[in-house]
Amino acid sequence: MADEDTLPSADPECSSPGLPGTPTVKELEELLNTGRPSCNHVDEVWPNLFLGDLVTAHNRFGLWKMGISHVLNAAHGMIFCKGSHGFYGPSIEYYGVPAHDLPNFDLSPYFYPAAEFIHKALSIPG
């Protein structure tokens, strides 16, 4: 996978306001297209940002060992969902999106709140 130093320069048409060094959507797409498929339950997709599955999300000890402080669940309330503030306790901040796995479910209203949650988590030192 490419590192930050090899990302293409920002395209003014795809630039987004934000922190210096924040990649554009085009840069993220290019980065994702160069990666290898993963067979892991969790992968670090950006520095300190992990993408995991149900197995990872339900392993509180494993999350603690990895230093995970925040969990964003894109399918909160669905079958087998254990995620909640009560499940994770005080050491992990939780945000659950009440999404349904249906082709006509509009997930877009949750993009901004989810992005804000991720941004706040990544802004915390350490």
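Select Asn73, which lies in strand β3 (residues 70–73). Strands here are DSSP runs of E with at least two residues, helices are runs of H or I with at least four, and both are numbered from the N terminus.

This is a predicted model, in which local features need pLDDT of at least 70, side-chain atom pairs count only at pLDDT 80 or more, and totals for chains, interfaces and linings use all residues. Residues are numbered from 1 along each chain as its sequence is written, and side-chain values use heavy atoms, with hydrogens and water left out.

Stay on Asn73. Its relative accessible area is 17%, so Asn73 is buried (under 20%; exposed is over 50%, partly exposed in between; 1.4 Å probe, protein chains only). Now show Tyr94. The side chains of Asn73 and Tyr94 make a polar contact at 3.1 Å (N or O atoms within 3.5 Å, one able to donate a hydrogen and the other to accept it; residues adjacent in sequence count only if both atoms are side-chain atoms).

Next, pick Ile68, in the loop between α3 (60–66) and β3. Ile68 is buried too, at 16% relative accessible area. Leaving aside residues up to four places away in sequence, Ile68 touches Phe50, Leu63 and Ile92 (heavy atoms within 4.5 Å).

Finish at strands β1 (residues 42–46) and β2 (residues 49–52), which run antiparallel and are joined by four bridges; pairing takes at least two DSSP bridges. Val42 has Gly52 as its bridge partner in β2. The two strands form a hairpin with two residues between them. In the turn, Asn48 has a positive phi of about 65°.
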